[in-house]
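User: Please take me through this structure in a series of questions and answers.

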Amino acid sequence: MQNTYFVDGVRTPFGKAGEKGVYWNTRADDLIVKSMIGLLDRHPNLPKESIDDVAIAATTQTGDQGLTIGRTSTLLAGLPLSVPGFAIDRMCAGAMTAVTMTGSAIGVGAYDVVLAGGVEHMGRHPMGEGADPNPRFIAEKLVDPEALNMGNTAEKIHDRFPSLTKERADAFAVRSQQRAAAAYDKGYIQQDLVTISATTAEGVRVVDRDELLRPDSTIEGMKDLKTPFRAGGKVTAGNASPLTDGATISLLAGDQAVKQYGLKPRMRMVGFAFAGVEPEIMGIGPIPSTEKALKKAGLSIDDIGLFEINEAFAVQVLSFLEHFKIADDDKRVNAWGGAIAFGHPLASSGVRLMNQLSRQFEMQPDVRYGITSMCIGLGMGGTVIWENEFFDGKKK
Amino acid sequence: MKLDYFEELWSNQDEVITHSYVQDVKLKSGKTLALITLDNGKDHTRPSTLGPLTLKQFSEKVEALEVRAKNGEIHGLAITGKPYFLAAGADLSKAGNLASSRAGRLFVELGHFALGKLGNFPVPTFVFINGLALGGGLEIALNANYRTVNKAAPAIALPEVFLGLLPGWGGAYLLPNLIGIRNALKVIIENPLKQNRMLSPKEALDLGIADVMFEPQRFIEDSVAWADKVLSGLKPTRKNKPGLFEKLVVWSPAVGIARKMLKQKIGTVPLAPYAALDLIDEAKFSSKEAGFKREDEELEKLISSDQFRASMYAFNLVQKHAKNPQGAPDPKLAIKVQKVGIVGAGLMASQFALLFLRRLGVPVIITDVSQERVDKGLAYVRSELDKLVEKGRMSVDDRNRFSANLSGTLDLKDFANCDWVIEAVFEEMKIKQDVFTRVEQVVREDCVLATNTSSLSVDEIAKVLKHPERMVGFHFFNPVAVMPLLEVVKAPKSNDVSIATAMRVAKDLKKTAVITSDSTGFVVNRLLGYLLGEAMRAVDEGIPFEEVADAIAPLGLPMNPFDLLELVGLQVGAHVLDSMYGFSSERFYKTESLHALAKYGKIRTKDAKGNPTGYDPEAIKIVSGGTRVRTKAEVFDQLIVGLAKEIRLMLDEGVVQSAEDIDLCMIMGAGWPFHMGGITPYLDRVGASQKVFGKSFHTPMIRGV
């Protein structure tokens with residue numbers, strides 16, 4: 001048994017999905033390959049042969065995201081042929097699951113060094129592409145037909161928790177944009193972006209910034225946005241994460257490798273949990289998964305000093321905060337903004353959360369524990385608890 | 001000079017424009033790099049090319065950026081291409097159809113005007129060679145200040161000389177001044193003449209064409225980061241850049257040596273290589289302006305020349321015409337060849353075995369009259385496979401596979417499951433007929449039978465068969481592995497399935513196949529037989545060897561007729577002449593003197609390296625005694641008239657379907673030069689066709705403006 005550490009992570013700048021997006025003509029596998037090389041370039045002393053496995057998540061595993069993308073990408077990146085790879089899928093929590101599974105393998109001593117990440121090109125692979133749900137789901141009423149549309153599941157949270165108003169959701173969304181803009185101004189985000197060259201119809205573009213940010217968002221401007229999921233609804237393009245193209249990847253290592261290769265880990269994996277809820281209200285998934293993870297780790301919510309919660313929808317984060325009695329604008333939560341601002345390329349988002357958490361740990365040695373958490377389609381939540389490697393023992 | 005100057009080039013164009021898209025790139029240093037992407041909007045099957053409207057747009061974009069550079073808005077300019085291509089050079093469909101030499105001159109000047117801007121830009125210029133960079137494509141890069149190259153770029157070259165042109169958008173002046181005289185000679189002259197050899201990115205880096213090479217995955221990203229460093233003061237070292245010593249001492253002698261070697265290798269007929277040599281020599285001390293002006297002058301001449309048009313004709317024959325063989329049946333009729341039988345285990349048969357094993361990847365079985373001969377054949381093929389492994393040109397896995405696929409037998413019954421049986425036995429009707437009679441008894445009804453005969457009638461051989469429709473001629477050229485041509489002979493009874501299968505096999509063997517009728521000598525031996533016969537006729541008349549060679553030199557053949565005779569073997573040559581004489585004693589010449597020379601063994605004297613130095617005194621003695629002496633001009637005139645007549649007859653007889661097929665055969669099967677278009681464009685131009693049949697092979701004739 002050994003400790004599992006998050007050493008480092010990078011991502012592509014996230015792009016707008018669809019024809020108008022910067023990555024429309026860029027392949028998903030190229031995004032993950034460029035990220036992989038960008039990450040390894042930051043660790044020149046780590047022998048590439050030492051990588052025990054490469055886990056890459058994608059929700060739609062077909063076309064340029066198919067063919068066991070964890071293996072194709074290691075070949076395309078020019079890693080030694082001896083380095084294996086595999087593909088993984090837990091929809092939005094793909095990269096998170098890549099980290100927890102390979103991290104566990106490090107824990108039992110099977111692995112020492114792994115790369116774990118995810119990619120989703122939602123322009124080339126719209127959600128649900130090629131899916132063929134079993135008719136029993138509907139015939140036997142196993143799920144509400146609305147469960148397969150994520151926007152509807154978010155509307156359902158508003159239904160169930162009337163106190164979570166559209167106004168609170170909009171305010172949360174505007175704050176996310178403002179926090180992201182502030183973090184950009186300070187250079188916090190850019191430090192972990194790999195520059196991507198993207199072929200477009202108007203020439204090669206060199207992308208070094210998220211494309212979807214809307215730092216000028218205002219509550220006023222959001223008020224009258226359309227509610228595409230239902231008439232008179234509350235979920236809008238403003239208080240939801242946009243459709244996004246992007247890739248993320250992280251470097252994990254165990255005690256032995258950290259010592260051998262002189263790696264500088266930023267956080268230690270304390271524990272994790274995944275939990276299921278009703279599919280039609282999948283956004284509340286982080287609540288049970290966090291409770292379960294805390295219980296297994298012997299910690300309470302009060303021990304957690306920093307939260308990175310995926311903002312699939314503002315209301316879904318609000319349901320989590322309200323449950324744990326945390327204020328909507330608590331500075332510990334998504335301090336540098338979230339998916340509403342950056343975008344949410346499904347299977348890749350998990351590592352973005354970890355990256356941002358680890359960088360905040362670095363700047364806040366008084367914080368000991370943090371969590372990354374996200375809701376997952378078909379009614380799940382996932383939570384990973386991390387310990388700050390910079391923790392100085394002096395709690396503020 | 002302004003763009004308006006070129007106005008007459010803008011009209012009447014159906015050019016596929018390669019667009020210049022500009023994007024600003026923010027660099028880590030805070031500076032801004034303007035990045036131009038060249039993209040014709042087509043997929044990877046249509047490389048970007050540079051025509052007049054492309055160059056116009058490029059100039060306009062660069063001029064606009066010049067203003068921004070002067071205003072301090074951009075700190076560098078970089079050019080790259082769409083995925084896999086920087087650019088494949090000047091738009092040859094345009095260059096090959098320019099209506100006048102004036103239009104040619106303007107197009108050349110426009111190239112200088114547009115690309116030259118990169119050399120005189122207010123801020124540093126870069127080209128990121130992301131992919132294929134040929135000719136004018138590479139010259140974009142040469143005109144810039146700095147170059148990066150993608151390790152996976154498929155090819156980098158200045159192939160102009162191969163096509164009868166020269167690198168005249170700055171290449172001839174800039175390249176020697178960048179990478180030194182010897183390297184430049186290699187890139188501009190030697191490589192194009194070696195079957196248009198191209199450079200790998202690594203070679204381009206080592207030669208000094210590129211300053212730095214990056215891996216493909218992040219080529220643009222790394223190039224941009226490198227450009228940032230250069231803008232911040234990094235100075236790449238250029239170890240091959242010629243210094244004063246090289247210019248004073250090495251330069252002109254190197255050009256002189258190259259000139260001498262060229263004369264020896266290709267004669268003096270082709271214009272382009274010599275014009276290129278002149279320019280490279282002058283590039284030593286002339287200014288860039290003067291160098292570019294000389295490129296304009298020389299390229300104008302070439303682009304209007306007969307040789308360039310003939311080269312383009314030949315290039316299209318090889319690139320396009322060859323891929324759609326005339327008279328070929330539906331390819332779908334071909335049967336799938338899963339096992340090959342070869343009758344014979346001698347040198348030729350063994351070479352077949354090697355080729356079929358490697359290219360078809362199917363079991364190959366050989367047979368011969370004795371176990372000893374079979375064993376010898378097997379051992380030869382296996383040792384050749386081993387050699388390929390030793391040279392690193394074949395993997396051990398492939399060697400093992402091919403070796404396991406090879407077997408030998410004395411029992412023809414082992415041929416029972418072959419789909420394709422080819423013979424390489426002695427060139428005698430009785431023997432070949434006997435072989436196929438026995439083969440037919442054991443093979444399936446749909447097995448195709450192929451003969452490699454060069455002089456016997458395929459129809460006659462097939463007469464002994466129960467199913468003569470399955471027999472085809474399959475005529476290779478020596479050396480089998482190297483020579484690209486195959487004459488597929490359609491005998492009167494050959495059916496479509498057999499011909500389709502033969503064409504499929506030829507394609508899988510990576511050969512260029514031309515379908516010919518079952519007529520003595522097919523195409524190549526018939527015309528070579530005529531040419532060599534005429535050479536020997538002149539020799540017999542008493543004209544010395546070297547004067548005969550001189551007389552024929554204007555045809556621009558890669559080697560003189562006596563070198564050619566030695567290459568194919570004097571005995572084989574004598575045999576070809578005899579069989580062509582047997583075909584028509586009126587038109588073809590045969591001579592005992594060639595048999596005597598064959599018996600003696602040589603015509604030429606050679607130096608230690610095997611280069612011919614003169615003519616063997618004994619050989620001269622053997623052919624002495626002639627009394628009737630024509631002038632060289634008479635010999636040549638009669639030769640080209642005879643060739644025109646023979647080709648006209650071949651077309652009338654339907655040996656092949658077109659003059660294009662004749663030229664393709666002579667280019668691919670006998671190495672006849674591109675700059676003559678093979679032979680028929682030349683015969684038209686010099687009036688031989690007119691003299692023989694009152695018309696020309698090509699309408700309009702293939703000639704310059």
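Predicted model: local features only at pLDDT ≥ 70, side-chain atom pairs only at ≥ 80, totals over all residues.

Analyst: Residues are numbered from 1 along each chain as its sequence is written, and chains are lettered from A and ligands numbered from 1 in the order in which they are written.

User: Which element supplies the largest share of the side of chain A that touches chain B?

Analyst: Contact (C-beta atoms, placed from the backbone, within 7 Å) joins 16 residues of chain A to 18 residues of chain B. Helices H1 (28-41) and H2 (69-77) and strands E6 (196-200) and E7 (203-207) of chain A each supply at least two residues; helices (H or I, at least four residues) and strands (E, at least two) are DSSP runs, numbered from the N terminus. The largest share, four residues, comes from E7(A).

User: How are the axes of H10 and H11 of chain B oriented to each other?

Analyst: The axes of H10(B) (residues 272-282) and H11(B) (residues 288-303) come within 10 Å and cross at roughly 175°. Axes are lines fitted to C-alpha atoms, for helices over the stretch in contact, with angles from 0 to 180 degrees between N-to-C directions. Angles under 35 degrees count as roughly parallel, over 145 as roughly antiparallel, 65 to 115 as roughly perpendicular and the rest as oblique. The crossing angle therefore makes H10(B) and H11(B) roughly antiparallel.

User: Is Tyr84(B) buried or exposed, or partly exposed?

Analyst: Tyr84(B) has a positive phi near 80° although it is not glycine, and is found in the loop between strands E3 (76-81) and E4 (85-87) of chain B. A residue is buried if 20 or more other C-beta atoms, placed from the backbone, lie within 10 Å of its own, exposed if 12 or fewer, and partly exposed in between. Because Tyr84(B) has 16 C-beta neighbours inside 10 Å, Tyr84(B) counts as partly exposed.

User: What is the phi of Asn196(B)?

Analyst: Asn196(B) is found in the loop between helices H6 (181-193) and H7 (201-207) of chain B. Asn196(B) is not a glycine, yet its phi is positive, at about 60°.

Conventions
Contact = placed C-beta atoms within 7 Å.
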